[in-house]
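Keep the structure open while reading.

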Amino acid sequence: MRAPKSLALSVTDEARRQIRSTRGWLKGFGSEVDLRFTAALERELTALCQHVAQQISDKTPFHPDEQASLAYSRAIYRHRFQTGKTRRRRSSSGVWFVLYELRDQDADGIADTLQLLGVHHAASRPLWEEEEEASEE
């Protein structure tokens, strides 16, 4: 079996909640900030699905995010994207990460779906640390 030209995108309820929360927060800075984030996220996810499908097709090795994989007890990947130019060097302004996993929905041995697990800002705590804090309360 060949890898698809692009992977299907699946979004968990938790990822949807995080995106809604992020958009609500960004609207406080103006509607153009929210629109820029939304457009960048859509563009990045589309490109990511195509890029990962190409990696699967080329049999390029994948490197999961070590900390996220340990926290979730399975291979989890992290992708960095920007919603705009950073104002100064080493600034995390506009830098975001998506966490995702690869799934084989049709059980043919080849990943065909990219499942979005979460979205977080580069300056925020990683999602797995937030989950640990919530469970301790």
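**Helix contact, pocket and cores**

Q: Which helices each supply at least two residues of the lining of the second largest pocket?
A: This is a predicted model. The lining includes Arg16, Ile19, Arg20 and Arg23, and H1 covers residues 13–27. Phe37, Thr38, Leu41, Glu42 and Leu45 also line the pocket, and H2 covers residues 31–58. The helices that each supply at least two lining residues are H1 and H2.

Q: Which element gives the largest share of that lining of the second largest pocket?
A: Leu9 is one of the lining residues. The largest share is five residues. It comes from H2.

Q: How many residues of the lining of the second largest pocket are charged?
A: The pocket holds about 160 Å³ of space. Its lining has five nonpolar residues and one polar residue. Among the lining residues are Arg16, Arg20, Arg23 and Glu42. The charged count is four.

Q: At what angle do the axes of helix H1 and helix H2 cross?
A: The two axes come within 7 Å. On the H1 side, the contact is made by Ile19, Thr22, Arg23, Leu26 and Lys27. On the H2 side, Ser31, Val33, Asp34, Phe37, Thr38 and Leu41 make the contact. The axes cross at roughly 150°.

Q: How many residues of the contact of H1 with H2 are nonpolar?
A: The contact residues include Ile19 and Leu26 of H1, and Val33, Phe37 and Leu41 of H2. Three of the contact residues are polar and three are charged. The nonpolar count is five.

Q: Which residues touch the most other members of the largest nonpolar core?
A: This core has 24 residues. Elements giving two or more residues to the core are H1, H2, strand S2 (77–82), strand S3 (95–103) and strand S4 (113–121). H2 gives the largest share, 10 residues. The residues touching the most other members are Leu41, Val98 and Val119.

Q: What pattern does the protein follow along the sequence?
A: The secondary structure comes to four helices and four strands. Read along the sequence, the pattern is β-α-α-α-β-β-β-α.

Q: What percentage of the residues of the protein count as buried?
A: Buried here means under 20% relative accessible area. The protein has 137 residues. The buried share is 39%.

Definitions and conventions: Residues numbered from 1 in each chain as written. Predicted model: local features only at pLDDT ≥ 70, side-chain atom pairs only at ≥ 80, totals over all residues. Heavy atoms only, no water. Axes fitted to C-alpha atoms, helices over the stretch in contact; angles between N-to-C directions. Contact = heavy atoms within 4.5 Å. Nonpolar A, V, L, I, M, F, W, Y, C, P; charged D, E, K, R; others polar. 1 Å grid on protein atoms, 1.4 Å probe; cavity = no way out; pocket = protein on both sides within 12 Å on 5 of 7 lines; lining within 4 Å. Points joined across faces, edges and corners; volume = space filled by probe spheres on them. Core = buried A, V, L, I, M, F, W, Y, C linked by side-chain atoms within 4.5 Å. Buried < 20%, exposed > 50% of the residue type's maximum accessible area, 1.4 Å probe, protein only.
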